[in-house]
Amino acid sequence: MSAKPEKEERGHRLLRDILETVALTLLLLLVVRLTVQHYYIDGPSMEPTLHNQEYILVDRLAYLFHPPQRGDIIVFHYPRDPSVDYVKRIIAVPGDTITVIGQTVIVDGVTLHEPYTNPDDPASLAVYPPIRNLVIGPDQYFVMGDNRGDSSDSRQWGTVPKQDIVGKATLVYWPLGANNFGLLPDESSVFAGIK
C-alpha cells in the first residue's frame with residue numbers, strides 16, 4: 001500500500017527538480033543576455049586588431065563602475081544613425097585635447113606610438129582635414145578605427161556620447177582559426193604618458 005504514495009512523491013520531486021532546473025537555466029540565460037552581447041565585425045576599419053566577418057563578445061557592464069578608458073575598443077550606436085552599431089578604439093576621453101594631422105595623433109601634448117594601427121595603410125589619412133587642439137567635452141569620446149585610412153570615425157562625424165556606448169569589446173570567439181582568437185590585448189600602455 002505504501003508503494004503508490006512513494007511513487008507519487010518521487011514523481012512530484014522529479015517534476016519539481018525539472019521545473020527548478022528550467023527556471024534556473026532561463027534566469028542564467030537572461031543574466032548573460034543582459035550583460036554580454038555578441039557583435040559581428042562588418043568591414044576592415046579595425047584591421048589588424050579585428051578582422052572582417054569575425055564575431056566578438058561585448059561586455060555591457062564594463063562601464064558600470066568606471067568610465068571608458070583610452071585604448072578600449074567599444075561598440076556604440078553610430079551618432080548619425082542610432083539603429084547602426086560601430087566598433088572603434090577610444091583615443092581621447094572627456095577633458096582631453098586631441099590633434100590629428102596625417103598619421104600623427106597627439107593627446108594632451110603626448111604623441112601616440114600606436115602599434116595596433118594598420119602599417120599597410122599609410123597614405124589615405126589625407127582624406128580627413130587636420131584636427132588641431134580639439135577639447136573633448138563632458139561625456140564625449142573621440143574614437144578611431146585601427147585601419148586609419150579605411151575608417152569612418154570621429155575625424156569625420158565627431159565624438160561619441162557616453163550614453164551611446166553599448167559596451168567594451170573583450171573577446172574574439174569566431175572563427176576559431178583567426179590569428180587574434182581570444183581576449184583582446186590591453187593597449188592602455190600606449191596612453192600611459194598622458195596625465
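## Finding F191

Where is the place of F191? Look in the segment after β12, the strand made of residues 182-183. Keep in mind that this is a predicted model.

Is F191 buried or exposed? F191 has a relative accessible area of 4%, so it counts as buried, the cut-off being under 20%. Setting aside neighbours within four places in sequence, F191 is in contact with R70, G71, I90, I91, L112 and Y116. Now check V110: this residue and F191 are 81 residues apart along the chain, and their C-alpha atoms are separated by 8.4 Å.

## Strand β11 and its partners

Next, take a look at β11, which covers residues 165-174. Strand β2 (residues 55-59) runs antiparallel to β11, and 5 bridges join the two. To spot this pairing, find I56, whose bridge partner in β11 is V172.

Strand β3 (residues 73-77) is also antiparallel to β11, with 3 bridges between them. Here F76 stands opposite I165. Then there's β12, joined to β11 by 2 bridges, again in an antiparallel arrangement. In that pairing, L171 sits opposite L183 of β12.

## A nonpolar patch on the surface

Which residues form a nonpolar patch on the surface? They are L14, I18, V22 and L26, and together they have about 370 Å² of accessible area.

Let's pick out L26, which lies in helix α1 (residues 3-35). L26 has a relative accessible area of 54%, so it counts as exposed, since the cut-off for that is over 50%. So in this model you can find a buried residue, F191, and an exposed one, L26.

Notes
Residues numbered from 1 in each chain as written. Predicted model: local features only at pLDDT ≥ 70, side-chain atom pairs only at ≥ 80, totals over all residues. Heavy atoms only, no water. Patch = residues over 30% accessible without salt bridge, like charges linked within 9 Å, V, L, I, M, F, W, Y side chains within 5 Å. Areas by Shrake-Rupley, 256 points an atom, 1.4 Å probe, with all protein chains shown as cover. Salt bridge = Lys/Arg side-chain N within 4 Å of Asp/Glu carboxyl O. Helix = DSSP H or I, 4+ residues; strand = E, 2+ residues; numbered from the N terminus. Buried < 20%, exposed > 50% of the residue type's maximum accessible area, 1.4 Å probe, protein only. Contact = heavy atoms within 4.5 Å. Pairing = 2+ DSSP bridges.
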